Amino acid sequence: MNPKLPYVLLVGAGVIIFILSCMLLGRGRRSPSCESQPRIVEKMGSTSQSLVFADLTPEEMVRVVQYLQGNLGVQLVDASRAKPSDNCIASVDVQVPAKAEVLRFLDGGGARPAREALAVLYFGNQPDPNVTEYVVGPLPTPVYHRDITVQKYGGKVPYHRRPMLGSEYEQVGAFLEMVALAAAPTFLKEVFEYDGTNVAFQTTAPHGFKSGDRKSWFIVFQNVSGFFVHPVGLEVLVDHSSLDISRWAVSRVFYNGQYYRDMVQLESAYVQGRISVEKVRKAPQDGDFSSMKPRAPPAALFPLQFEPQGPRYSIRNNHVLFQAWSFAFGMSVNTGLRLFDIRHKGERVAYEISVQEALSVYGSNCPGGMSTRYMDGSFGIGRYTSPLVRGVDCPYSATYVDTYSLSETLSPSKRKASLCIFEQNLGSPLRRHYSNLQSLYYGGLVNSALVVRSIATVGNHDYVWDFIFYQNGAIEGKVQATGYATSSFLHGDGLRYGNRVWEHTLGTIRTHSINYKVDLDVGGVKNSLVAHDMAFEMVRAPWSPEQQIERPRLTKKVLDTEDQAAFRLQSKMPRYIYFAANSKNKWGHQRGYRIQITSFAGDHVPEASSMERAVSWARYQLAVTRRKEEEPTSTSIYNQNDPWTPTVAFANFINNETITNEDLVAWITAGFLHIPHSEDIPNTVTVGNSVGFLLRPYNYYDLDPSIYSHDGVFFTSEQDFTACDINPIACLPKTASCLPNFPPFTYDGFQN
C-alpha cells in the first residue's frame, strides 16, 4: 500500500466534512432581517401645514382647563365626581378654524389661523342651569373665551339636554342598588340569588317621551362576561330629572311581561304569590355561552403581512404621505375619526371626510328595548375609541398611534394605540388582463391600499372605522359592526321582535344607520352635482330597417337644487352621481368624483314620530347641500336626550337652495338591518356587516393614474419573465426572503 494513501484519504475526508458543515450551517442560518425605516417623524420643530387641523396636545388641554378655572368666576368640579347640581367641564376638543381661513393659509399664503379649543361646560349650580360652549384661545397660552352657544344653536342649550356623565351613571347605579333594589329583598334573593354584586345595569336612551324628561329604563342583567345577552327579566324606570339626587325615584318596574308601580309593589306581589316567576339559571363568571374565550386550542399560525423593504408610507405629526396620497387625520371626542385636506397627486380632492353619527333603533316587547334609539355621538365615538390589539384589530406590523382626549375630567386621557395606519395587500389585482388573442402578454397591478383605522366600543357595539386609499385615486369610507347583540328577556310574543338565541334571551331586531360628511373639492372649491344613468331606447337597425334593437343609452342631468339632490332612503338614486369641476379633462369631459354607496339599511323611523327630526339625516341615503360654516355637523350631542326639540335638525339644511357652481357637501347615510340570530352568540361577526361609500375618479384624469404605479407587472411571451428587470415579481425569492421585524406584543388597554 502506498504510504501516502492514508494521508490522502484523511485530507479528503476533512474536505468533505468541511463542505458538509458549510452546507448545514448555510441551511440553518437565519434569513436577514427586513429593512425598516422610521415611520413617525418626531413632532419637535415641525412647521407642517397640517397642524392647522391637529388634535389638541395634552399640554394645550391642560392650559385650557387652567384658563377656564381662573377666568369664569365659578367653581368647577371635576366632572368625574360631579353631581347634577355642580358646574363642570364636560369636554375640551380642538376648534377647527373656518374653511375660508384655512384655505387662505394653505393655498394663498395667508396667516396661520389662530389655534383654539372648544370647551363644553355644564352649569348646574346656578339659577338658570344650562350647557354652554366656549371657544378658548389662542393656544398654547389662552387669553380669551367666547360664548358661541347662541350663535351656534340659535339659543341656549337647556340643561336637561346634556349628555349623561359617567358620574351620573354611577349615581343612578348607586340609587338602584341602595334604594330601588333594597325595596324588594325577598324577591331579589329568592329569584336572582342577589348578593349586591351579581347584577349589571344597561341604560336606554332617549330618556322619556317629551322635552324636559330624564326618565331612563335600566335593564338588569347577570353580571358576567358578555352580560348583554344575560337578561333576567327585570327592568326599572328611574326618574333622575331632579338636580337633587335625594329626589330621584322609581317611576315603574317591569318583570317578565308585567308592569308594577315600583319595587315595593313587586315585592308585595311576589310575597303574596301573585307573580309568574321565571328563574334564570345562574351563569358562571365567564358567562358560559357568552364567553369569547376560544373553544379550540391554538394550531398553525394564521397568515401575516409584512413589508420586506420597510413601510412605503410616512407619518409626520398628523400628516400622512402614501404614494400619490396625502392627508391630515384627527379624532373628534364626539364623532371619532376624521380626515382633512385629502390630496391625490398634489391636488386636493376633499377638504373633510368625517363620521357624523351612528344611530341604532331597537324593537322589543320589553320597555327598555322598545324605547331605545341610541345616538352614539352623544356618548362619544371618539371618547370610546379603544386600544387596538396588534395582529388582530390591525396587522401586527401596522403603525400604532396614541390619541388624547379630555372628557369628563380635568386632565387629559391617553388612549394608547387607538389608531392604526397600514398598507394592505388585498390579495387581488386592482386591474389585470391576460391576452391570448393576437399578441400574447400579461399586465396587472396588485391591489395594495393604505388603511387608516380606529375602533370604537360604545356599550355593546364595536365599530371598526376605516378610510382606505387606493392607487387609482379612489377613497373608501367603511364601517364594520361587531360586538355583542344586546338583548331582551324572552317572554310572551317576543318572537315578533327577534330570534331566540338562548334559553331566556331574545336577540332583538334593530337598525343601524351611519352618517358621514364628505366635503369634496373637485378641481377647486366650486362644484356642481351631475347625475348619469341609463335608459333603453328602441331603434331600427340601420343595416336592416325591418329589425329593431333595444340599446342602452346614457342619460345626463344637472341637479340644480338641494331638493333635487336629497335622495330618500329607499328611493331610486342615479347610479352615477358625481361632483363636477369647472375644468375638463383631455377628452372634453367635466372632471369629477363619483359617490357610490354600499348600504343594506332598514327602514327609517316614521316621520310622524315625535323624535324623528332629531335623526332626520337618516331619511336620506344621500343629500347634497351648500357648505355653510353654521352647518358643520348633521346632528348634535344634545339630540339624544331631547330628540323632541332637537338642537340640530338636519332636515332644516335642505331648503331648495341652488347648488350649481357652489361649495358643496355630501351627507351620506349607510346602514343595515340586524336581526340577531344564533350565530350572533357569543357575539356578532364583521362578515356581512360592512357598509360605507366609495369616492371614485370619474373623468377626473385622462387615464387611470394607477398606470404610473411602481407595482405594475407586464411581460410578453417573447420576454424572459423570470428576469427581475422584466418582471419584479420574479425577484420576490430574493427581495422578500427576509424575516420581518415584529416588535414584542404589548397591550395597555386595561390601563386606559
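What is the handedness of the disulfide of Cys34 and Cys738? The torsion about its S-S bond is about 90°, so this disulfide is right-handed. Cys34 sits in the loop between helix H1 (5-28) and strand E1 (40-41), while Cys738 belongs to the segment after helix H10 (732-735), so the bond ties together parts that are 704 residues apart in sequence. Keep in mind as you look around that this is a predicted model.

**Disulfides**

The structure holds three disulfides, and here they are side by side.

| Pair | S to S distance |
|---|---|
| Cys34 and Cys738 | 2.1 Å |
| Cys394 and Cys420 | 2.1 Å |
| Cys724 and Cys731 | 1.9 Å |

Counting bonded cysteines along the chain, the pattern is 1-6, 2-3, 4-5. Cys34 and Cys738 are both buried. Cys394 and Cys420 are buried as well, and their link is left-handed, with -80° about the S-S bond. Because Cys394 lies in the loop between helix H9 (376-379) and strand E18 (399-407) and Cys420 in strand E19 (residues 413-437), this pair connects parts that are 26 residues apart in sequence. In the remaining pair, Cys724 is partly exposed, with a relative accessible area of 33%, whereas Cys731 counts as buried at 11%.

Two further cysteines can be looked up too: Cys88 is buried at 1% relative accessibility, and Cys366 is buried at 0%.

**An open sheet and its helix**

Now to a sheet. Five strands make up an open, antiparallel sheet in the order E7-E8-E9-E10-E11. Its edges are strand E7 (199-203) and strand E11 (258-260), each of which pairs on one side only. From one strand to the next, the twist averages 25°. Helix H5 (residues 166-180) packs on this sheet and touches E7, E8, E9 and strand E10 (249-255), and its direction makes about 110° with that of E9. Within the sheet, six bridges join E8 (residues 215-222) to E9 (residues 231-239), and Lys215 stands opposite Asp239 in E9.

**A buried glutamine**

Gln621 is part of strand E32 (residues 620-626). With 13% relative accessibility, under the 20% cut-off, Gln621 counts as buried.

**An annotated stretch**

The unreviewed UniProt entry annotates residues 75-144 as "domain: Copper amine oxidase N2-terminal". Over these residues the chain is 13% helix and 37% strand, with the end C-alpha atoms 18 Å apart.

Key
Residues are numbered from 1 along each chain as its sequence is written. This is a predicted model: local features need pLDDT of at least 70, side-chain atom pairs count only at pLDDT 80 or more; totals for chains, interfaces and linings use all residues. Side-chain values use heavy atoms; hydrogens and water are left out. Helices (H or I, at least four residues) and strands (E, at least two) are DSSP runs, numbered from the N terminus. Buried means under 20% relative accessible area, exposed over 50%, partly exposed in between (1.4 Å probe, protein chains only). Two strands pair if DSSP finds at least two bridges between them. Axes are lines fitted to C-alpha atoms, for helices over the stretch in contact, and angles run from 0 to 180 degrees between N-to-C directions. Contact means heavy atoms within 4.5 Å. UniProt positions are given in the numbering used here, feature names are shortened, and annotations may be inferred rather than shown by experiment. A disulfide is a pair of cysteine sulfur atoms within 2.5 Å.
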